[in-house]
Amino acid sequence: MGCGRVGATLAQSLESRGHSVAVIDQNPEAFRRLDAAFDGKRVTGLGFDRETLIQAGVEDAYAFAAVSDGDNSNILAARVVRETYGVGNVVARIYDPHRAEIYQRLGIPTVATVRWTADQVLRRMLPMGATDEYRDASGQILMAQMDTHPGWIGHALVSIEKATGARVAYVTRYGDGVLPTPTTVLQENDVLHVLLQATDMARVERVLTHVPTGVK
């Protein structure tokens, strides 16, 4: 739902991967953002209207993305699609980060556009810290990209896990993803991605951005 720049790009990316796609927008002029070669459905209407959703094929849908410009419309559409039609893979774009947290707790996966953009800008301005990359539906578990103090280089990832209580999900090394083994050590220029409780973010960030003490 939503054929703005995000919706059009998403629809074309999905189609290029072999998926059948339907795009809903209440403004028929919005479909001009789609490439002429786009072969999916173009449905004019409200994304939370049942007749519109059925016309778009919601009864056979595997996933639904609500990426219009309105937070309320996105959440309403996401709830209708999930609760009325049983579509399991639903995501809503939310501009208000406080609302996003509430809906995450209700089990509606959200992308908080403002927060994500601000985090990405901050990461480039102030590189030492952490950036959310993923949150589960409850908002309690997250995966974060963590900066590390140079003193951690050469330490085994299992030592980092022991010191922080977090789980190392993977490491980006020279552009490639590397799954950790019991013997994997942190190398210079590695990017660390960890799984942790959201409430532990500040503590884990503090541990990793300072010189390690008492770690073997």
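Predicted model: local features only at pLDDT ≥ 70, side-chain atom pairs only at ≥ 80, totals over all residues.
The largest pocket has a volume of about 1000 Å³. Its lining comprises 37 residues. Those that lie nearest the centre of the pocket are Leu-14, Val-21, Ala-63, Phe-64 and Ala-65. Two or more lining residues come from each of helix 1 (5–16), strand 1 (22–25), helix 2 (50–56), strand 3 (63–66) and strand 4 (89–94). Helix 1 contributes the most to the lining, with eight residues. By residue type, the lining of the largest pocket holds 22 nonpolar, 10 polar and five charged residues.

The helix pair is formed by helix 6, which spans residues 157–164, and helix 7, which spans residues 201–208. The axes of helix 6 and helix 7 are 10 Å apart, and the two helices pack at an angle of about 130 degrees. An angle over 145 degrees would count as roughly antiparallel and one of 65 to 115 degrees as roughly perpendicular; helix 6 and helix 7 are therefore oblique to each other. Their crossing is right-handed.

On the side of helix 6, the contact is made by Ile-160, Ala-163 and Thr-164. These residues meet Arg-203, Val-204, Val-207 and Leu-208 of helix 7. Of the residues in this contact between helix 6 and helix 7, five are nonpolar, one is polar and one is charged.

Key. Residues numbered from 1 in each chain as written. Heavy atoms only, no water. Axes fitted to C-alpha atoms, helices over the stretch in contact; angles between N-to-C directions. Helix = DSSP H or I, 4+ residues; strand = E, 2+ residues; numbered from the N terminus. Parallel < 35°, antiparallel > 145°, perpendicular 65-115°, else oblique. Left-handed = near helix turned anticlockwise from the far one by under 90°. Contact = heavy atoms within 4.5 Å. Nonpolar A, V, L, I, M, F, W, Y, C, P; charged D, E, K, R; others polar. 1 Å grid on protein atoms, 1.4 Å probe; cavity = no way out; pocket = protein on both sides within 12 Å on 5 of 7 lines; lining within 4 Å. Points joined across faces, edges and corners; volume = space filled by probe spheres on them.
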